[in-house]
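Please look over the sequence and the structure shown here before reading on.

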Amino acid sequence: FIAADLYFINKPLWPFQKERGYYPATIGNLKTLYIVIDEFERDNGSHPNDLEEIKKDLKIESSEDSRNSLFVDGWKQPLRYVINNPKLNKEKFDLYSVGENGKDEYDRPDFGDDIHVLADGSIRKPAVQEKKTMEMVLGVVFGIVVTVLGGVILWFLTPLKEWVISK
């Protein structure tokens, strides 16, 4: 019975336990790279044309350089940088991750599951992540309800079993 309890309570969390580090890693890289790009602009008078220009400025010459990890999201997809006609940060640039599904949804009105840095440096999280959080909460609640119901059923069955045995 305890094993079933643990199964029903934890099963909804399994996919999220694997993913939970991906969003923070992505957000950390986006925020750090956003600051690096702003510093580049202060030093050079304009934003870089692409992320390769940042790599040259940081003197990253080898693909083995650990600083290359700054340019990818938690899912190991390259971060995206848009300087021509940015959609979110009209006066600056757009910097974003394609998110969990790996699809670039920059042209969608809701940006799909892409994760963007806003002009003030804050993060625009995708609606998809909010939906997953709700699914996780509902899954845990379902697991708890199943566990409680199982306990109630056992509580009723135990006296019934004793009554049957005594007859």
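The sections below move from the chain as a whole to its core, its sheet and some individual residues.

## Overall architecture

The structure is a predicted model. Its chain contains five helices and four strands. Read from the N terminus, these elements follow the order α-α-α-α-β-β-β-β-α.

Of the 167 residues in the chain, 35% count as buried. The accessible surface amounts to about 10,800 Å², and carbon and sulfur atoms account for 60% of that surface. When contacts between residues at least 6 apart in sequence are considered, 48% of them join residues at least 24 apart.

## Helix 3

Helix 3 covers residues 22–44. It has 23 residues and spans 32 Å from its first C-alpha to its last, close to the 33 Å expected at 1.5 Å a residue. Helix 3 lies across strand 1, strand 2, strand 3 and strand 4, and it runs at about 160° to strand 2.

The buried residues of helix 3 include Tyr-23, Thr-26, Ile-27, Asn-29, Leu-30, Leu-33, Tyr-34, Val-36, Ile-37, Asp-38 and Phe-40. An α-helix has 3.6 residues a turn, so residues three or four places apart point the same way. Just after the helix comes Gly-45, which takes a positive phi of about 85°.

In soluble globular proteins, nonpolar side chains tend to be buried together. In this model the largest nonpolar core has 21 residues, and those with the most contacts inside it are Leu-30, Leu-33, Ile-37, Ile-54, Phe-71, Leu-95 and Ile-115. At least two residues of this core come from each of helix 3 (22–44), helix 4 (51–57) and strand 3 (115–117). Helix 3 provides the largest share, eight residues.

Phe-71 illustrates how parts of the chain meet in this region. Apart from its neighbours within four places in sequence, Phe-71 is in contact with Leu-33, Leu-51, Ile-54, Lys-55, Leu-58, Ile-60, Gln-77, Pro-78 and Leu-79.

The four strands form an open sheet in the order 1-2-3-4, with antiparallel pairing. Strand 1 (80–82) and strand 4 (123–124) are the edge strands, each pairing on one side only. Strand 1 and strand 2 are antiparallel and are joined by three bridges. Strand 2, residues 94–97, is also antiparallel to strand 3, again over three bridges.

Is Asp-94 buried or exposed? Because buried means under 20% relative accessible area, Asp-94 counts as buried, with a relative accessibility of 1%. Asp-94 belongs to strand 2, where it is the bridge partner of Val-82. Leaving aside neighbours within four places in sequence, Asp-94 is in contact with Arg-80, Tyr-81, Val-82, Pro-86, Lys-87, Leu-88, Asn-89 and Tyr-106. Arg-80 and Asp-94 are 14 residues apart in sequence, and their C-alpha atoms are 7.8 Å apart in space.

Asp-50 is located in the loop between helix 3 and helix 4. It is partly exposed, with a relative accessible area of 36%. The C-alpha atoms of Asp-50 and Ile-83 are separated by 7.9 Å, although these residues lie 33 residues apart along the chain.

## Positive phi angles in loops

Most residues other than glycine have a negative phi. Which value does phi of Lys-76 take? Phi of Lys-76 is near 65°, a positive value in a residue other than glycine. Lys-76 sits in the loop between helix 4 and strand 1, and at 63% relative accessibility it counts as exposed.

Asn-85 likewise is not a glycine and has a positive phi, of about 55°. Asn-85 is part of the loop between strand 1 and strand 2. With a relative accessibility of 70%, Asn-85 counts as exposed.

Notes: Residues numbered from 1 in each chain as written. Predicted model: local features only at pLDDT ≥ 70, side-chain atom pairs only at ≥ 80, totals over all residues. Heavy atoms only, no water. Buried < 20%, exposed > 50% of the residue type's maximum accessible area, 1.4 Å probe, protein only. Contact = heavy atoms within 4.5 Å. Areas by Shrake-Rupley, 256 points an atom, 1.4 Å probe, with all protein chains shown as cover. Core = buried A, V, L, I, M, F, W, Y, C linked by side-chain atoms within 4.5 Å. Pairing = 2+ DSSP bridges. Axes fitted to C-alpha atoms, helices over the stretch in contact; angles between N-to-C directions. Expected span 1.5 Å × (residues − 1).
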